[in-house]
Amino acid sequence: MKTYRKELWFKTETRRAFINITPQIEECLRESGIKEGLLLCNAMHITSSVFINDDEPGLHRDFECFLEKLAPEKPYDQYDHNGFEDNADAHLKRTIMGREVVVAITDGKLDFGPWEQVFYGEFDGKRRKRVLVKIIGE
């Protein structure tokens, strides 16, 4: 069995953002040379997420509205966590959207259903954060 590991780095200009990282993930798969196996992709920061969904701008706005209703950014003092920070909402949003995805690899390709893409979700941006890609297989 072969293994592959790579870190991808992101820095958004805004506090929150959704970035389609499918092309970077596919490049990692090509670099690995693995044809059959599993790919794990996870956010390595507690205020960001990796998830699978459709690359549709209206849906992304819906995610933003949904998450903001569940865990509004302001007022900051509504959260016990925000004594020295202002990012409690980002921790909650990450919990809702998830930490990682696992994708099957079949015949050298990501084995997706229709419209599936991999996204990096940023909820407390404006600084560098990393995403781990780990691939195992043959």
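**Close-up views of a predicted model**

**View 1. A nonpolar surface patch that includes Met1.** Met1, Leu38, Val102 and Ile136 form a nonpolar patch on the surface of this predicted model. Together they present about 400 Å² of accessible area. Areas come from the Shrake-Rupley method with a 1.4 Å probe, and for residues only the protein chains shown count as cover. Patch residues have over 30% relative accessible area and no salt bridge; nonpolar side chains (Val, Leu, Ile, Met, Phe, Trp, Tyr) are joined within 5 Å, like charges within 9 Å. Met1 sits in the segment before strand 1 (2-10). Its relative accessible area is 69%, so Met1 is exposed. Buried means under 20% relative accessible area, exposed over 50%, and partly exposed in between (1.4 Å probe, protein chains only). Helices (H or I, at least four residues) and strands (E, at least two) are DSSP runs, numbered from the N terminus.

Residues are numbered from 1 along each chain as its sequence is written, and side-chain values use heavy atoms, with hydrogens and water left out. In this predicted model, local features need pLDDT of at least 70 and side-chain atom pairs count only at pLDDT 80 or more, while totals for chains, interfaces and linings use all residues.

**View 2. Helix 2 and its buried residues.** Helix 2 covers residues 57-70, 14 residues in total. The expected span is 1.5 Å times one less than the number of residues. Gly58, His60, Phe63 and Leu67 are buried. The buried residues of helix 2 pack against strand 2 (17-20), strand 4 (48-53), helix 3 (88-97) and strand 7 (117-122). Contact means heavy atoms within 4.5 Å. At the start of the helix, a side-chain oxygen of Glu56 comes within 2.9 Å of the backbone nitrogen of Gly58.

**View 3. Lys129 in strand 8.** Strand 8 spans residues 129-137. Lys129 is buried, at 1% relative accessibility. Not counting residues up to four places away in sequence, Lys129 touches Leu8, Trp9, Phe10, His45, Thr47, Ser48, Tyr120, Glu122 and Asp124.

View 4. Side chains of opposite charge can pair when their charged atoms come close. The structure holds 17 salt bridges. Each is a side-chain nitrogen of Lys or Arg within 4 Å of a carboxyl oxygen of Asp or Glu. Arg5 is partly exposed at 46%, and Glu7 is partly exposed at 25%.

Arg15 is buried at 16%, and Asp124 is buried at 10%.

Asp89 is buried at 0%, whereas Arg16 is partly exposed at 21%. Shared partners join Arg15, Arg16, Glu64, Glu68, Glu73, Asp86, Asp89, Lys93, Asp124 and Arg127 into one network.

How values were computed. Polar contact = N/O pair within 3.5 Å; in protein donor to acceptor, adjacent residues only side chain to side chain.
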